[in-house]
Structure formats: C-alpha cells, structure tokens
Amino acid sequence: MANGFTVRETLEYAPEVVWAYLTNFENAPEWMAGIGPFTQITQNPLEIGTRFGFEARGKLRETRVTALVPGKRIALTSTQGGVTATYTYSVAPTGDGTEVVLDAVCEATGLWKLLHPIIVVAMRKSDSSQLANLKQATDRSAARRQ
C-alpha cells in the first residue's frame, strides 16, 4: 500500500528563481490549495527546525522544516494526532528550466493506521496539484515583475 505520492513539474525559470519563490512561504496560499498564510513561529533564518503556523480547513496547524539543502531541497513535516505528513520539495535544473518534484509521505500510528489509506487518498486528491499551481503562481509573479 502506498504511503504517499510523487508529482513533477517543469517550470521555465532558473532554479534560484523557483527556489526563492517556493521557500518564500508568504506565497504558499497561491499554490497550496486550502492553506492560509504561513507565519514563522521561530525567529531563526530558514533552517532545519524552523517552524511555521498556518490555517488549513479552518484550523490552526504547524509545520517544521525537517530537511534542507539550500537551493535544492526542503522538507516540511506536520503532525496531527497520530498522523505525520512530510512534503519534500526538490528543485533541479533541466534543459528547459527547472524540474520541481514533490514527494509526499504519510505515516500513521495507533488507531490512525486504520484510516491511513483514506488519508493518503485525501492527501493525493488535495495536494497533487500543488506543483501545477506553483507553475501558474510563478508565471503570475513573473508577469507582475515585468
């Protein structure tokens, strides 16, 4: 049984442009469906352990950076009850711009294991369009800069 999903998207911008947009979490509501603005909870620069608060489906949530290779990869992990979801975004140059990969993984403990398959399907349904949305959002952002 799958524990998550993977999606890919190629954007026509340089990796550093995509990375800057992706990791400016004020932009998150533009490409993460159902997510309100991120507020940084910790006062440190973006690093492993940095925590953000955000609203999703009318509830306050928290996520933290659990992996970071600046300019290349960032993982955000959230835990609600017995469910932990990690979304890892990777950025790499391609001949046509930048490939962005989202690997989403969900783990469940206790009684949440019974709902795990349903949770994974819900994650895929709600979040597999993130990178297509990111592509559209970076296009809009580039158009505003011109």
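Biologist: Quick one to start: in β3, what is the bridge partner of Q40?

Modeller: That would be F52. Keep in mind that this is a predicted model.

Biologist: Noted! And how many bridges join β2 to β3?

Modeller: Two, with strand β2 (residues 39–40) running antiparallel to strand β3 (residues 51–56).

Biologist: What about β3 and β4, how many bridges there?

Modeller: Six bridges join β3 to β4, which covers residues 59–69, and these strands are antiparallel too. As one example of who faces whom, G53 stands opposite E62 in β4.

Biologist: Which residue takes a positive phi in the hairpin of β3 and β4?

Modeller: R57 does, with a phi near 50 degrees. The hairpin has two residues between its strands.

Biologist: Let's switch to helices. Which residues of α1 are buried?

Modeller: Helix α1 spans residues 15–22, and its buried residues are V18, W19, Y21 and L22. Looking down the axis of α1, they fall within an arc of 165 degrees, so they line one face of the helix.

Biologist: Nice. Now the outside: which residues form a nonpolar patch on the surface?

Modeller: L111, W112, L114, L115 and I118 do, and together they have about 580 Å² of accessible area.

Biologist: Where does L115 lie?

Modeller: L115 is in helix α3, which runs over residues 112–127.

Biologist: And why does L115 count as partly exposed?

Modeller: Because its relative accessible area is 40%, and partly exposed covers the range between under 20% for buried and over 50% for exposed.

Notes: Residues are numbered from 1 along each chain as its sequence is written. This is a predicted model: local features need pLDDT of at least 70, side-chain atom pairs count only at pLDDT 80 or more; totals for chains, interfaces and linings use all residues. Side-chain values use heavy atoms; hydrogens and water are left out. Patches are made of residues with over 30% relative accessible area and no salt bridge: like charges are joined within 9 Å, nonpolar side chains (Val, Leu, Ile, Met, Phe, Trp, Tyr) within 5 Å. Accessible areas come from the Shrake-Rupley method with a 1.4 Å probe; for residues, only the protein chains shown count as cover. A salt bridge is a side-chain nitrogen of Lys or Arg within 4 Å of a carboxyl oxygen of Asp or Glu. Helices (H or I, at least four residues) and strands (E, at least two) are DSSP runs, numbered from the N terminus. Buried means under 20% relative accessible area, exposed over 50%, partly exposed in between (1.4 Å probe, protein chains only). Two strands pair if DSSP finds at least two bridges between them. The arc is that of the directions from the helix axis to the C-beta atoms.
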